[in-house]
Amino acid sequence: MTSSAAAPATQETSTSGAPLYAAIKAFIVDAIKAGTLKSGDRVPSEAELVTRFGVSRMTANRALRELQSVGVLVRRSGSGSFVAEPKPIGHMIEIRNIADEVRARGHAYRARVIQNQAEKAAPEAAALLGVPVGTRIFHSVIVHHEAEFPIQLEERLVLASIAPGYADMDFTHTTPNEYLTRVAPLERVEHRVSAAMPDQRTRQLLGMEEQEPVLRLTRQTWSRNRLVSHAWLTHPASRFELSASFAVEAG
């Protein structure tokens, strides 16, 4: 009895021998360059590309997937593929208000508050803030949007004794950064940046696809000789980049 291996999938090509997925990519990129498609515009779906180019769904999917991988397109779960905005640049060294950064780029800013509540510090949170277990803290989770695209998931632990009104704030109208800067002036900041693969909850909140990495900025801030907050600021890597600049004194 003999067995045969499955034949490899063939690549669809045009009459000139060029792969058709490349023709689809060129069609979308040319439309962006010509201004027919602009940042935030929805591009044709897989089904629409199948009809327009007479290709298989696999070929259409490959074209969209490759454009997403290089940051030309972004996929919004349940909505389709859209022309990516130029990557917002976050500033690592300076503490800037994300709402001001978004508006400075000429885009609309919106925040979605997932939670903002008081709680007793569990062992992990207590260790991060350097306080005894059971200390009263606030725990907030907020998704920040630029032009309707979620660009940052902010999860923050705040020491209640330093910022007592934190849980009463409407963070759809102000940001935690604005409030904390006002009630607890900054004395010291520590940053740590890492790349990671997000969990399912993070992917859902940021509208990300499977296997898309994130940039995560961990930030601790001090005021009045006390550690005030510990925050995790998570960004889809395809929609965000971080920069830093500093002056070097002559030796």
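**Entry 1: His 235**

I began with a polar contact: the side chains of His 235 and Gln 152 are joined at 3.0 Å. A polar contact is a pair of N or O atoms within 3.5 Å; within protein, one must be able to donate a hydrogen and the other to accept it, and residues adjacent in sequence count only if both atoms are side-chain atoms. I am reading a predicted model, where local features need pLDDT of at least 70, side-chain atom pairs count only at pLDDT 80 or more, and totals for chains, interfaces and linings use all residues. Residues are numbered from 1 along each chain as its sequence is written, and side-chain values use heavy atoms, with hydrogens and water left out.

Where does His 235 sit? I found His 235 in strand E9, which covers residues 226–236. Helices (H or I, at least four residues) and strands (E, at least two) are DSSP runs, numbered from the N terminus. Is His 235 buried or exposed? His 235 has a relative accessible area of 1%, so I noted it as buried. Buried is under 20% relative accessible area, exposed is over 50%, and partly exposed is in between (1.4 Å probe, protein chains only).

**Entry 2: the whole protein**

I then stepped back to the totals. The secondary structure comes to seven helices and 10 strands. The protein has 251 residues, and buried residues make up 40% of them. I also looked up contacts, meaning heavy atoms within 4.5 Å. Among contacts with a separation of 6 or more, 60% are between residues 24 or more positions apart.

**Entry 3: rings**

How many aromatic pairs does the structure hold? I noted five. Rings of Phe, Tyr and Trp (its six-membered ring) pair if their centres lie within 6.5 Å; planes under 30 degrees apart count as stacked, over 60 as edge-to-face and the rest as tilted. I looked up Tyr 166 and Phe 171: their ring centres are 4.9 Å apart and their planes are at 55°, so this pair is tilted. Tyr 166 is buried at a relative accessible area of 0%. Phe 171 is buried too, at 1%. Both belong to one aromatic cluster, formed by Phe 138, Tyr 166, Phe 171 and Tyr 179.

Next I checked for charges over rings. A charge sits over a ring if NZ of Lys or CZ of Arg is within 6 Å of the ring centre and within 35 degrees of the ring normal. Arg 188 has its charged end over the ring of Trp 222, 3.9 Å from the centre. Arg 76 lies over the face of Phe 82, at 5.5 Å from the ring centre.

**Entry 4: two helix residues**

I picked Ala 31, which lies in helix H1, residues 20–34. Its relative accessibility is 12%, so Ala 31 counts as buried. Leaving aside neighbours within four places in sequence, I found Ala 31 in contact with Thr 36 and Leu 37. Val 43 is 12 residues from Ala 31 along the chain, and their C-alpha atoms are separated by 9.7 Å.

Glu 46 is at 16% relative accessibility, so it counts as buried. Which residues does Glu 46 touch, not counting those up to four places away in sequence? I listed Arg 57, Ala 60, Asn 61, Leu 64 and Arg 75.

**Entry 5: pocket and cavities**

The largest pocket has a volume of about 310 Å³. Its lining has 15 residues; Gln 68, Ser 69, Glu 209, Glu 210 and Glu 212 are the closest to its centre. Helix H3 (57–69) and strand E1 (73–76) each supply at least two lining residues. H3 gives the most, with five residues.

I work from a 1 Å grid over the protein atoms alone: a cavity is a set of points where a 1.4 Å probe fits but cannot get out, a pocket is an open set with protein on both sides within 12 Å along at least five of seven lines, and lining residues have an atom within 4 Å of a point. Grid points are joined across faces, edges and corners, and a volume is the space filled by probe spheres set on the points.

I noted three cavities of 30 Å³ or more. The second largest cavity has a volume of about 110 Å³. It is lined by 14 residues, and Arg 156, Asn 177, Leu 180, Leu 186 and Thr 221 lie nearest its centre. Helix H6 (176–183), E8 and E9 each supply at least two residues of this lining.

**Entry 6: positive phi**

Most residues other than glycine have a negative phi. I looked up Gln 211, where phi is positive, near 70°. Gln 211 is in the loop between helix H7 (200–206) and strand E8 (214–223). Its relative accessible area is 64%, so Gln 211 is exposed. Asn 225 also has a positive phi, of about 65°, and is not a glycine. I found Asn 225 in the loop between E8 and E9. Asn 225 is exposed, at 70% relative accessible area.
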